[in-house]
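Visitor: Please take a close look at one part of this model for me. I would like to hear about its salt bridges.

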Amino acid sequence: MLHITNGDMAANLLRQCGLDGDVLPWREMWIDGPARIQWDAAEAVEERAVYFEQTLGIPKETFQRISMDQLARLTAAADAEEPVVLWFEYDLFDQTMLASLLNWFHRRKTAGAPVGRLEWIVVSSYSGHDDFRGLGELSPEQLQTLWPQRAVVGNADIAFAAEAWQCFASIDPQLLEKWLVKRAPSETAQMMAQAMRFHLRRFPSIRNGLGAVERETLSLLCHGPARPDELFRRIGDAFPIYGLGDLSYWSYLKRMESAGMLVIQGDQPLPGFKSVGPPDFDMWLVILAAYGTRLLAGQSDLLRDGRHAERWLGGVRIDSGATKAWRCAGGDREGGGASMIFM
């Protein structure tokens, strides 16, 4: 039996549960970088490795080695028809991982390759945790209580998730918009739909070219300068559905500074992949710039002004300095529907 989960913290806890089988921490972050439908192809892995080396400082060879090693273990499990249990959370970070994996299994099934029994445990809440964010918050004993809740991933669920991945990795976000109209085959699959709905809110808005996180960050800075870690915590509170990590959020801040929306005061760069030890966030202060104020007021537009940084949103690339791109209309509020327009 192979247990797959969303990272090392949850994996280490699972290993302490006394469950049979191996535990494989799946190390990916599809909320950043280019996404391809056949994500396991060597050229797709290399493309992402180059991206993360350039943007987050993750060595290309390290990313490729991790990706190919975990893919080899996944393939070996499928070839041997090992039962696979997928332990994931409700947020976009996890749901894109889950969609990519189920797309991989779906492709194998379609090709007639062997696949063992698939089960999943997808968690959005836990009794006694009012602000539940992830499996890593639980003790091994609490994780054990989830084991009886596992369910078989049905063929309809696999097909639903496989299509979600195809839409997420497409160059046309309207495909995802159309997929969201479909009825999810289970409550667990419905979590994927909710996460993908938030994904569309990450696109530039038709009002000012800001995505949800950029807009919320500028709104927070309207109340005064803030440390990066304070902003990160408050963005996490505003968008728990995102599952945003600190390195990804520092990238947001860097792109926003490059566009002139804000200023990061400090003598050192923000923490990176190779940073050692806990950072002293008193070293930095983030301040709202005049251009950020104009954007919030709808007096400027990031895309029309040619200030949008290069960005990948699933399979959609927004080029640096682009003046036209896919935009999100109507998704400014939590739960609001999003309509995608190229303009």
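Guide: D301 is buried, and so is R327 (buried means under 20% relative accessible area, exposed over 50%, partly exposed in between, with a 1.4 Å probe and protein chains only). The two form a salt bridge, with the closest N and O atoms 2.8 Å apart. A salt bridge here is a side-chain nitrogen of Lys or Arg within 4 Å of a carboxyl oxygen of Asp or Glu. The pair links distant parts of the chain, 26 residues apart. D301 sits in the loop between helix 12 (290-296) and strand 8 (311-313), and R327 in strand 10 (residues 326-329). Helices (H or I, at least four residues) and strands (E, at least two) are DSSP runs, numbered from the N terminus.

This is a predicted model: local features need pLDDT of at least 70, side-chain atom pairs count only at pLDDT 80 or more, and totals for chains, interfaces and linings use all residues. Residues are numbered from 1 along each chain as its sequence is written, and side-chain values use heavy atoms, leaving out hydrogens and water.

The structure holds 21 salt bridges. One of them joins the side chains of D22 and R73, at 2.9 Å from N to O. D22 lies in strand 2 (residues 22-25) and R73 in helix 3 (residues 60-79), 51 residues apart. D22 is partly exposed at 43% relative accessible area. R73 is partly exposed too, at 22%.

D79 forms a salt bridge with R108, the closest N and O atoms being 2.7 Å apart. D79 lies in helix 3 and R108 in helix 4 (residues 92-111), so the pair ties together parts 29 residues apart in sequence. D79 is partly exposed at 47% relative accessibility, whereas R108 is buried at 12%.
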